[in-house]
Amino acid sequence: MVLGFPLAVAILAIAVSLLLPSIYTATTKILPPQQGQSAASAMMAQLGSLAGLAGGAAGIKNPADLYVGMLKSRTVADNLIKRFDLNAVFESKYQSNTRKTLESNTAIAAGKDGIITIEFDDKDPKRAADIANAYAEELFNLTRTLAVTEAAQRRLFFEKQLEQTRNNLV
């Protein structure tokens, strides 16, 4: 009984592991653009460790958290579903079910060093790599559209001012 039961469980575990399909994990790491310091964060940096406590209480977090939120957004998921025709891949009639499956197969996390790690699990190794890399491309497209960085916001402001000036001259 002492040897028979563990041996039976081991044989069953080997049989199940051989019958399960292979799952491949593709990993992409990106370094998000660094945001400039605002006046408030510059003053808090001068206060030292006390600023860290105040910043945590005020909800100020790592700038990479903003990009992680963008990567987990519905916009990025819908673009990936459309780009890779994931409704057919996951055999789902509804986009919401496909979105949930995509979310369950994806792990996105920001490390303490600011590097964002994107991991995607799939049965096809090429599709897993393509989707993991596509997350980085979609983040680039989204940040270009939203103008997240201070320089991008400044550029959009100057473009609007230039357009208004041209209209006034006409």
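This is a predicted model: local features need pLDDT of at least 70, side-chain atom pairs count only at pLDDT 80 or more; totals for chains, interfaces and linings use all residues.

Biologist: Thanks! How many helices and strands does the protein chain have?

Modeller: The protein chain has nine helices and three strands. Along the sequence, they come in the order α-β-α-α-α-α-α-α-β-β-α-α.

Biologist: And what share of the residues is buried?

Modeller: Of the 170 residues in the protein chain, 25% count as buried. The chain exposes about 12,100 Å², and carbon and sulfur atoms supply 60% of that.

Biologist: What about contacts between residues at least 6 apart in sequence: what percentage join residues at least 24 apart?

Modeller: That comes to 66% of those contacts in the protein chain.

Biologist: Changing topic, where is T98, and is it buried or exposed?

Modeller: T98 lies in helix α7, which covers residues 95-105. T98 counts as buried because its relative accessibility is 0%, and the cut-off for buried is under 20%.

Biologist: Which residues is T98 in contact with, leaving aside neighbours within four places in sequence?

Modeller: T98 is in contact with I81, L86, N87, F90 and S92.

Biologist: Now helix α8: what should its 22 residues span?

Modeller: At 1.5 Å a residue, helix α8 (residues 125-146) should span 32 Å. The C-alpha atoms at its ends are 32 Å apart, so the two values agree.

Biologist: Nice. Which residues in α8 are buried?

Modeller: The buried residues in α8 are A128, I131, A132, A134, Y135, E138, L139, L142 and T143. An α-helix has 3.6 residues a turn, so residues three or four places apart point the same way.

Conventions: Residues are numbered from 1 along each chain as its sequence is written. Side-chain values use heavy atoms; hydrogens and water are left out. Helices (H or I, at least four residues) and strands (E, at least two) are DSSP runs, numbered from the N terminus. Buried means under 20% relative accessible area, exposed over 50%, partly exposed in between (1.4 Å probe, protein chains only). Contact means heavy atoms within 4.5 Å. Accessible areas come from the Shrake-Rupley method with a 1.4 Å probe; for residues, only the protein chains shown count as cover. The expected span of a helix is 1.5 Å times one less than its number of residues.
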